[in-house]
Structures are given as structure tokens and as C-alpha cells.
Amino acid sequence: MNKIYNPNKTEWTELLKRPTQTVENIEATVTEIFCDVQRRGDQAISKYTELFDSVALDSILVTQEEIENASSLVSEELKTAIKTAKQNIETFHAAQKTERVSVQTSKGIDCWQEKRPIQKVGLYIPGGTAPLFSTVLMLTVPANIAGCKEIVLCTPPNKEGGIAKEILYTAQLCGVTKIAKVGGIQAIAGLTFGTESIPQVYKVFGPGNQYVTVAKQLATKYGVAIDMPAGPSELLVVADESANASYVASDLLSQAEHGADSQVILVSTFKPLLDAVLSEIQKQLLELPRMDMAQKAIDNSKLIYVESDEIALDLINEYAPEHFIICTKNENFYVDNIANAGSVFIGNYTPESAGDYASGTNHTLPTNGFSKAYSGVNLNSFTKSITFQKITKEGILDIGHTIELMAEAEGLQAHKNAVTLRLKDLQ
């Protein structure tokens with residue numbers, strides 16, 4: 001990790017760059033695959049699955065028999081853990097339900113807003129080096145609470161043409177309607193256009209690598225909504241002398257092991273902590289099965305010392321981390337003033353892993369600085385707000401002339417006439 005002391009504000013932009021390729025570098029590939037899937041459907045999906053995942057599939061869709069066989073192989077202990085996490089996630093997301101918002105804006109004019117589920121949603125679950133069955137929970141639970149009718153899950157197959165047993169068990173537990181053995185760009189393209197096997201959806205959810213992120217952004221050009229641009233994972237920890245160096249190191253490594261393109265950052269107002277955390281990282285790294293991958297992410301990561309909490313906060317808000325851990329004496333300063341973060345973890349006993357799995361909050365979060373403008377996945381992500389209004393005779397008589405004047409001023413005579421005709425009949 002690179003140690004940086006009191007970086008000048010003019011250097012922050014360069015200092016805080018993510019270790020990712022630019023969109024221009026990969027957009028041509030994404031566009032080519034999208035066009036192919038749009039033209040040839042399942043045939044193109046199979047071609048790219050064989051090319052990128054090195055497996056030729058007899059069928060893109062997972063069968064009920066495969067689901068049952070996989071589920072039987074999951075230990076009862078893990079099933080219990082998954083059910084516990086599911087319950088906590090349900091509790092937190094169910095609490096986000098809102099009642100109808102209704103108001104009489106003036107006499108005879110009633111306006112209200114109601115939430116309706118997005119009927120067809122596509123969920124992308126990364127497979128790759130780690131089968132993220134926890135993401136199945138994070139996406140299917142709010143989708144079900146919202147009332148989505150069709151939930152299509154795409155995840156890449158392994159070299160044997162199968163899907164991780166934990167993913168299949170969790171998917172059937174949570175009521176997924178279709179599971180497709182397809183990953184990467186071709187999965188997002190399939191959900192965007194629909195194929196013989198994969199239904200077209202209205203909105204795509206889920207994290208992925210840079211190619212998946214660009215593919216999701218391209219999907220919006222074809223009328224499909226997305227949750228957010230969610231790319232490689234990242235974590236920023238702010239800590240002072242009250243922090244436990246071994247805890248901080250373990251949190252940084254927990255994100256570093258996601259992949260070589262992940263990024264972790266420590267910002268501290270206590271200079272000796274940098275060396276203490278680095279020493280712990282080097283020690284703990286040796287015990288990780290994914291040591292090589294974590295090491296590559298650590299090489300792209302930074303330990304930053306600044307002189308005050310105020311400077312630290314400014315730097316953190318500029319970075320806009322996906323995950324933000326606070327381990328400081330004056331934690332309320334950061335809690336009250338953080339403006340840009342996907343999810344915040346407070347205190348020495350709140351590891352980021354808790355949010356990844358079982359505390360109840362959602363782990364599908366904006367990365368790459370997008371937390372400046374995007375929220376993480378929540379119940380509202382799976383709904384639309386529809387507004388309603390009902391105007392009585394008294395109401396149109398009261399507001400009608402206002403509408404006429406405004407429509408005339410904009411030069412929209414038909415708008416005015418729609419009111420004038422009604423007023424004439426009532427007067």
C-alpha cells in the first residue's frame with residue numbers, strides 16, 4: 001500500500017482515482033456483443049458463454065431438478081445462516097414501506113401518490129471467483145416485498161456448466177421465477193432484449209465487473225432501467241488512535257479479496273496507525289486463501305494521513321466511497337456530516353462484512369464515486385411512484401382560470417381549450 005502524508009487538495013483528484021479502465025476502452029466490445037445478442041438471441045448467448053466461460057451448454061435455463069439436487073448439497077448449518085440473514089434483510093426492507101401520500105391541494109382538488117411494483121426485474125449475480133449467493137438475498141428479498149411478478153436471475157456457469165449450489169438454494173428459497181446460466185455482457189444484453197430463453201425485463205439490478213457496469217449503462221439506451229453503475233468493490237476506513245489496527249486491517253482485506261480491481265483506503269488523523277495497520281495487513285494477508293488476488297488490490301490501495309477530522313471528511317466526501325467505516329472517538333462528527341457514501345459502518349465492532357451478509361442493510365451499492373448521486377438498492381428501487389388526481393366541478397371552477405392563463409402564456413391553445421370547454425358547461 002502507498003503511504004501518503006498530508007496530500008495537497010490539488011492532488012486529491014489524482015490520488016483518489018480508482019484502478020479501473022475507462023469506458024472508452026471497453027464500450028466497443030460491449031456494443032458489439034449487444035448487437036449480436038439482439039440479432040441472434042440464444043445462439044449469441046451460447047457463443048459468448050463458450051468464449052468467456054469456456055463451457056458449451058445444452059440449455060441456458062436451470063432446471064427444477066438441478067435446483068433440487070444443488071439444494072440437497074447445502075449443509076443444514078449454512079441453510080440456517082442464510083435463513084437468518086434473509087429474515088434480517090426482510091425486516092429492514094419491509095420497514096421501508098410507505099403508505100399512500102394524499103393531500104387536498106385546494107378545495108375540490110385531491111392529489112395522491114402510490115407505489116407500484118416494477119413487474120419484471122432482472123438480477124445479475126456475479127459468479128467468477130466467488131459465488132455471491134448473498135447478493136441473491138439482497139436483490140430478491142426487496143423484489144418480493146415490493147411485489148415484482150417476474151424475477152429473472154442471471155449468473156455465469158462454472159467450467160462444468162453448473163451454478164454454485166448456494167446460489168441455486170438461495171434463489172429457490174427467495175422465489176426467483178427463472179435462473180439462466182449466463183454471465184457478463186451477454187447476460188445484461190439478454191435481459192435487455194429478451195431471447196428465446198431469457199425474458200426481457202424492465203429494470204436490471206446487481207453488481208459486476210467493469211464490463212457488466214458498462215453493459216448496464218448501455219442497456220439504458222434501449223429503454224431498460226438499472227439500479228446504479230455498480231462496479232468493482234471499494235472500502236474507505238477513517239480511524240484515529242481509538243481504532244484497533246488489526247480490525248482495520250481485516251476490514252481492508254475483506255474488500256481487497258473481492259478482486260484485483262478492488263480498492264481500499266485508510267484515512268487517519270493518527271500517524272502511527274498507518275504503520276500499525278500496514279504491519280497487520282502483511283501478517284493477515286499470508287493466511288488468506290485468496291492472498292494473490294488481495295495482494296493485487298492492496299497494491300492499488302492507499303494509507304493516507306491528514307492533520308484533522310475536517311480535512312479527512314472533505315477528502316472522504318470527494319472520494320464518495322461505496323463502503324465507509326468510522327473508527328474514531330468523535331464518530332458523530334462523521335456520521336452527521338458524511339454527504340457521499342453508499343453504506344456507513346460505525347465503531348470498532350461493526351465490520352463491513354456484517355452489511356455484506358446478515359445485519360439487514362443492502363450490500364448492492366454505488367461505486368466509483370457514484371454515491372455522490374446514487375443510493376444503494378432499497379425497497380423503492382423495485383417500485384415506481386404513480387401520482388393520481390381527482391378534480392370536482394368546484395375544483396375546476398376554482399383553478400380553471402389559472403390553468404387557462406398559464407396555457408395561453410405558453411402558446412398552447414389546446415391545453416387552454418381543455419379547460420375552457422369544461423368551464424363553459426359549468427357556468
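1. Which residues does Lys372 touch, not counting residues up to four places away in sequence? They are Asn317, Glu318, Ala320 and Asn340, where a contact means heavy atoms within 4.5 Å. Lys372 sits in the loop between helix 15 (352-357) and strand 14 (383-391), and Lys372 is partly exposed, with a relative accessible area of 44%. On this scale, buried means under 20% relative accessible area, exposed means over 50%, and partly exposed lies in between, with a 1.4 Å probe and protein chains only. The C-alpha atoms of Lys372 and Leu274 are separated by 27 Å, and these two residues are 98 residues apart along the chain.

2. On the basis of the note: this is a predicted model, in which local features need pLDDT of at least 70 and side-chain atom pairs count only at pLDDT 80 or more, while totals for chains, interfaces and linings use all residues. Residues are numbered from 1 along each chain as its sequence is written, and side-chain values use heavy atoms, with hydrogens and water left out.

3. The protein chain as a whole has 17 helices and 14 strands; helices (H or I, at least four residues) and strands (E, at least two) are DSSP runs, numbered from the N terminus. Of its 427 residues, 49% count as buried, and its C-alpha atoms fill a box of roughly 85 × 60 × 45 Å, taken along the principal axes. Among contacts between residues at least 6 apart in sequence, 76% join residues at least 24 apart.

4. The largest nonpolar core has 36 residues, of which Val121, Ile179 and Phe382 touch the most other members; such a core is a set of buried Ala, Val, Leu, Ile, Met, Phe, Trp, Tyr and Cys residues joined through side-chain atoms within 4.5 Å. Elements that each supply at least two residues of this core include helix 4 (64-73), helix 5 (76-94) and strand 4 (120-124), and helix 6 gives the most, with 8 residues. Apart from this core lies another one, of 30 residues, among them Ile45, Ala180, Ile198 and Val214.

5. Helix 7 is followed by Gly175, whose phi is positive, near 80 degrees.

6. Helix 12 (residues 291-299) has Ala294, Ala297 and Ile298 as its buried residues. Seen down the axis of helix 12, these fall within an arc of 100 degrees, so they line one face of the helix; the arc is that of the directions from the helix axis to the C-beta atoms. The face turned away from the buried side carries the exposed residues Asp292 and Lys296, whereas the cover over the buried residues includes helix 10 (245-256), strand 10 (263-268) and helix 11 (271-285).

7. A last point concerns helix 14 (residues 331-337), in which Val335 is found. Val335 is partly exposed, with a relative accessible area of 33%.
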